[in-house]
Amino acid sequence: MIQKRRSSAIWQSFIRRRFYTYNNTGRDGFRSSRDGLQDLGAVVMKYGGRREAARTLVSPRFMEKVLLKDFDKVKQLGADGLTFGDGMGSLLNSDFNDRYASSRDDVKGIQEGLFTKATEMLGSAQADDANAYSWKYVNHLSGVPIENSFDLFVDETVPFMQMALHGLISYSSEFANISDNYTSYLLKNLEYGSIPSFMLTYAASQDLIGTRSLYNFYSTHYKDWSEEIAKQYSRFNEALGDVQDQLIVNHQALANGVYETTYENGKRMIVNYNEMPFHHDGIEVKGQDFAVVTGGRSS
């Protein structure tokens with residue numbers, strides 16, 4: 001059972017780990033024919049991209065062995081936790097590799113054990129794009145969707161998952177600095193009660209373009225973003241810091257492109273995606289901006 005989280009926020013140093021689920025480099029002694037996840041026909045499974053770009057799925061028991069060995073290294077780096085991405089908490093594949101044979105239930109147990117171990121050793125764990133079975137083991141969810149599927153018959157996007165989770169566990173969406181529309185992204189996160197998330201690199205963005213795995217991080221140099229990130233975290237903290245332990249009790253459209261989110265303590269967030277100001281019950285929300293309403297007064 002997920003418990004309501006405390007309202008005080010602690011920003012921690014996390015190390016993001018996504019390569020345990022896939023291995024195309026041979027790191028940790030990995031050999032795809034021996035250590036890769038296999039289907040019923042003993043074929044090593046690959047995921048995404050064309051054949052030459054597809055990533056080899058790692059047998060979960062091999063992943064467990066490597067991760068348990070790496071926990072000590074991560075702790076020595078002074079990290080407060082691990083963010084598990086792309087697989088841990090989201091992929092449950094049976095493995096028919098004779099060396100590492102495991103059912104979906106076995107894989108679920110392996111992942112739950114690793115989440116627990118990360119929390120015990122490092123203090124906390126996060127999961128990226130994770131399913132419900134992992135939520136009770138982590139203190140934050142990243143990669144929570146804020147857009148719809150863009151199918152033809154979608155009229156409105158309803159933040160169902162956010163309404164179910166807010167006040168119980170913190171969450172963030174994709175990275176703000178590589179979003180298609182930075183302003184709309186920030187407004188959507190304010191509307192959904194989501195913590196802003198940024199991807200930063202020490203290397204300059206132009207140095208990453210030619211790399212194999214980081215070419216899509218086209219605006220991540222920390223020097224370019226440090227002041228902006230401090231500004232946005234201060235802005236979000238002022239707007240949403242005191243409702244992190246509050247449930248979302250209502251979400252509605254006030255007009256085309258204008259949405260209101262209400263928390264259980266009565267605080268309301270009104271977000272205006274339009275260019276023109278919006279007026280409602282004596283409250284003005286500037287174009288492409290938001291207003292916080294507490295006790296009938298906006299701020």
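Helices α2 and α3 are roughly parallel to each other, a label used for angles under 35 degrees. Their axes cross at roughly 5° and come within 11 Å; each axis is a line fitted to C-alpha atoms over the stretch in contact, with the angle, on a scale from 0 to 180 degrees, taken between N-to-C directions. Bear in mind that this is a predicted model, where local features need pLDDT of at least 70 and side-chain atom pairs count only at pLDDT 80 or more, while totals for chains, interfaces and linings use all residues. Numbering starts from 1 along each chain as its sequence is written, and side-chain values use heavy atoms, with hydrogens and water left out.

Let's start with α2, which covers residues 60-76. Helices here are DSSP runs of H or I with at least four residues, strands are E runs of at least two, and both are numbered from the N terminus. From first C-alpha to last, the 17 residues of α2 reach 25 Å, close to the expected 24 Å, which is 1.5 Å times one less than the number of residues. There's a bend of about 30° at D70, taken as the angle between axes fitted to the seven residues ending there and the seven starting there. D70 is also one of the buried residues of α2, along with F62, M63, V66 and others; buried means under 20% relative accessible area with a 1.4 Å probe, counting protein chains only.

Next up is β5, residues 124-128, with five of its five residues buried. S124, Q126 and D128 sit on one side, with A125 and A127 on the other. Its partner β4 runs parallel to it over four bridges, with G81 opposite S124; strands count as paired if DSSP finds at least two bridges between them.

β9 pairs antiparallel with β8 over six bridges, and N250 has T262 as its bridge partner. Two residues separate β8 and β9 in their hairpin, where G257 has a positive phi of about 80°. Five bridges also join β9 to β10, again antiparallel, with V258 partnered by N272. That hairpin has four residues between its strands, and G266 in the turn shows a positive phi of about 95°.

Conventions:
Buried < 20%, exposed > 50% of the residue type's maximum accessible area, 1.4 Å probe, protein only. Parallel < 35°, antiparallel > 145°, perpendicular 65-115°, else oblique.
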